[in-house]
Amino acid sequence: MAELDRKGGSPAVPADWTYAPAPESKDIVKLRERYGLFVGGEWLEPTESYETISPATEEPLAMIGQATKADVELAVAAARAAFDDGWSSIPGSERAKYLFRIARILQERAREFAVLESMNGGKPIKESRDVDLPLAAAHFFYYAGWADKLEYAFPNRRPRPVGVAGQIIPWNFPLLMLAWKIAPALACGNTVVLKPAETTPLTALLFCDVLRQAELPAGVVNIVTGDGRTGAALVESEGVDKIAFTGSTDVGKGIQRQLAGTGKKLTLELGGKAANIVFDDCALDQAVEGIVNGIYFNQGHVCCAGSRLFAQESIYEPLVDKLKRRLETLRVGDPLDKNTDVGAINSSMQLEKIKELVESGRQEGAEIYQPPCRLPEKGYWFAPTVFTNVAQSYRIAQEEIFGPVLSVLTFRTPDEAIEKANNTPYGLSAGVWTEKGSRILWMAQRLRAGVVWANTYNRFDPTSPFGGYKESGFGREGGLHGLEPYLRFD
Ligand code: NDP
């Protein structure tokens, strides 16, 4: 707490209202010096390694294996053997027991995972603690519930597992994306080879410990770390029956081209450029909170981030004023501090990409606002940013920035809002702020987005399907819909 001033005999009052540091202890995490590849329930020694760091401090955390094509083939073979050896044919109620066990262990070890997620990825501890971990456990609980009910989920369609699933995940929600992918795959009787992102492998590697604790049969889940070459080897492997990919649109398109005609199943969850649409009849202060949550949550490294704010012209000025004032209160800094709102940018590469797009916004004529805030000297940081005077054609209104950068545009009528919101190659998510229920439904029917939030933003639940239209990909994850990509029907 700040220093206290005492005037005469009057009660003590704080001299300023800044928060004292409240760092979460790292002691709960026991890092190894180096990690192997988790194949067939054992640690395989990699031939090459690379260093993973903390993006907040640039300090090295551990050496990570770079899986080669041959390593990936070993992992695929282990997954195939586990599939044939019984995982695909044991009763669903038995598979459910393993999933429930994994979910409970994740809950028990939540603090350890949350601290590690923030150390390796740079996200604020209050997000990894209150969002990533509870949701990851919830996905395992939810899909555990479906494992013995597939016949009821798809009546008269004889659901069968697909086989070996190759899963490639990004760095923005490392453990949560792992849960989104592994839980439904296992519930349906598939086995898995998963590749975490190069910059954030640590929680996936700690998860291998959970698999052993849960006594999951060897080979049912295999984790191969490495860069894009490892992902490409997984996509190319002939032993893989299905690929699930979350990441950039460019890589996703390449994978789709590569798999065309192979008969392999594919789901792609790619980028977004979501419209967060604010009407003049909404509860303005709540909308401001939703806008802030929409774009500054997880430093804007969110595929469904509300990166384009559409403000109805009649409230444009008060809305932007309130937003700027709210930005001044955001605390940027140490991800492990419990008071931090905005953490570190995930990598130097991503920071460069954000800077380049922000510079293009300035060059094209938009007006930039950043609240006064002191950024740490070490690590990768970017201040929360708002652009006003943005035209639809600007790159900052068209391209995914994947950083804490908001572009504000305006509209007059609902029709105009729809036309502008849909003017994007993407179609992952959108938000609507209005007090009229009929208007919410009218908008939701016309927005080309997989998810439309009403008077809220970035809400997730394992029971609700998530996925995109257009260049945001295809296939759904979550809910009943999330089972289908992991099943064949004959
Ligand atoms: P990528 O699409 O490169 O990464 C996603 C995953 O795919 C990672 O595990 C990556 O490995 C792997 N990968 C990379 N190349 C290949 C390949 N040829 N074949 C198979 N797998 C591959 O995204 P980036 O990390 O490069 O981020 C770039 C941009 O993508 C971001 O700025 C953002 O705009 C967008 N993005 C969108 C995400 C979303 O959730 N929709 C998530 C992440 C990024 P590795 O980590 O080793 O490169």
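A: Arg-158 lies in the loop between H5 and S7; the model is a predicted one. Phi of Arg-158 is positive, near 45°, and the residue is not a glycine. Arg-158 counts as partly exposed because its relative accessibility is 44%, which falls between the 20% limit for buried and the 50% limit for exposed. Asn-156 is found in the loop between helix H5 (150-153) and strand S7 (159-161). Asn-156, not a glycine either, has a positive phi of about 60°. The relative accessible area of Asn-156 is 81%, and values over 50% count as exposed, so Asn-156 is exposed.

Next come the helices. Helix H4 covers residues 125-146 and packs against H6 at an angle of about 5°, the two axes being 9 Å apart. Angles under 35 degrees count as roughly parallel, so H4 and H6 are roughly parallel to each other. On the H4 side the contact includes Asp-132, Leu-133, His-139, Phe-140 and Tyr-143.

The largest nonpolar core has 110 residues, and the members that touch the most others are Leu-106, Phe-140, Leu-178 and Phe-207. Helix H6 (residues 174-187) gives the most to this core, eleven residues. Leu-178 can be taken as an example: beyond its neighbours within four places in sequence, it is in contact with Phe-140, Ile-169, Ala-183, Leu-194, Ala-204, Phe-207 and Ile-223. Another core lies apart from this one; it has 30 residues, including Phe-279, Tyr-380, Val-390 and Tyr-394.

Last, the cysteines. With sulfur atoms required to be within 2.5 Å, the count of disulfides is zero. Cys-208 is buried, at a relative accessible area of 1%. For Cys-303, the nearest cysteine sulfur belongs to Cys-304 and is 4.8 Å away, and Cys-303 is in no disulfide. Cys-303 has a relative accessible area of 13%; the limit for buried is under 20%, so Cys-303 is buried.

Note on methods: Residues numbered from 1 in each chain as written. Predicted model: local features only at pLDDT ≥ 70, side-chain atom pairs only at ≥ 80, totals over all residues. Heavy atoms only, no water. Core = buried A, V, L, I, M, F, W, Y, C linked by side-chain atoms within 4.5 Å. Buried < 20%, exposed > 50% of the residue type's maximum accessible area, 1.4 Å probe, protein only. Helix = DSSP H or I, 4+ residues; strand = E, 2+ residues; numbered from the N terminus. Contact = heavy atoms within 4.5 Å. Axes fitted to C-alpha atoms, helices over the stretch in contact; angles between N-to-C directions. Parallel < 35°, antiparallel > 145°, perpendicular 65-115°, else oblique.
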